[in-house]
Amino acid sequence: MKKDIHPNYGPCKVSCACGNTFETQATVDEIKVGVCSVCHPFYTGKKGRFLSEAGRLEKFNKKYAGINYGQKEATE
C-alpha cells in the first residue's frame, strides 16, 4: 500500500437515538444513527410503525369528523 494516502482506521463510538451506544472501528471518531439493532423493528419483533400510524389516524379522524363523504344519512 502507498504511504500517506489512506485514512486513519481506529476505534469509533456509535450512538443511537434510543440511547444505545457501542464501539466499532471506522475512519471517523463518532457516528450518530437514528435506528440500531436494539430499537429496529426487524430485530425486536415489535411493529413500532403502528404508533406513528395511530397518531395519523387520530389526526385524520379529527380533521374530517363531521363530513359524511357523499354518503346518505342513516335513517332508522
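UniProt, in an unreviewed entry, places the feature "binding site" at Cys16, Cys18, Cys36 and Cys39. These residues are spread over 24 residues of sequence, yet they cluster in space, with a largest C-alpha distance of 8.9 Å. The model is predicted. The protein chain contains three strands and two helices.

**Annotated cysteines**
- Cysteine 18 sits in the loop between β1 (10–16) and β2 (21–26).
- With a relative accessible area of 41%, cysteine 18 is partly exposed, because this value falls between the 20% and 50% limits.
- Residues up to four places away in sequence aside, cysteine 18 touches Cys36 and Cys39, and the UniProt record lists both of these under the "binding site" feature.
- Cysteine 39 is found in the loop between β3 (30–33) and α1 (41–44).
- Cysteine 39 is also partly exposed, its relative accessible area being 29%.
- Beyond its neighbours within four places in sequence, cysteine 39 is in contact with Cys16, Cys18, Gly34 and Thr44.

**Fold and contacts**
- The order of elements from the N terminus of the protein chain is β-β-β-α-α.
- Taking contacts in the protein chain between residues at least 6 apart in sequence, 0% join residues at least 24 apart.

**Burial and surface**
- Of the 76 residues in the protein chain, 9% are buried.
- The protein chain exposes about 7300 Å², and 54% of this area is supplied by carbon and sulfur atoms.

Methods: Residues numbered from 1 in each chain as written. Predicted model: local features only at pLDDT ≥ 70, side-chain atom pairs only at ≥ 80, totals over all residues. Heavy atoms only, no water. Helix = DSSP H or I, 4+ residues; strand = E, 2+ residues; numbered from the N terminus. Buried < 20%, exposed > 50% of the residue type's maximum accessible area, 1.4 Å probe, protein only. Contact = heavy atoms within 4.5 Å. Areas by Shrake-Rupley, 256 points an atom, 1.4 Å probe, with all protein chains shown as cover. UniProt positions renumbered as here; feature names shortened; annotations may be inferred.
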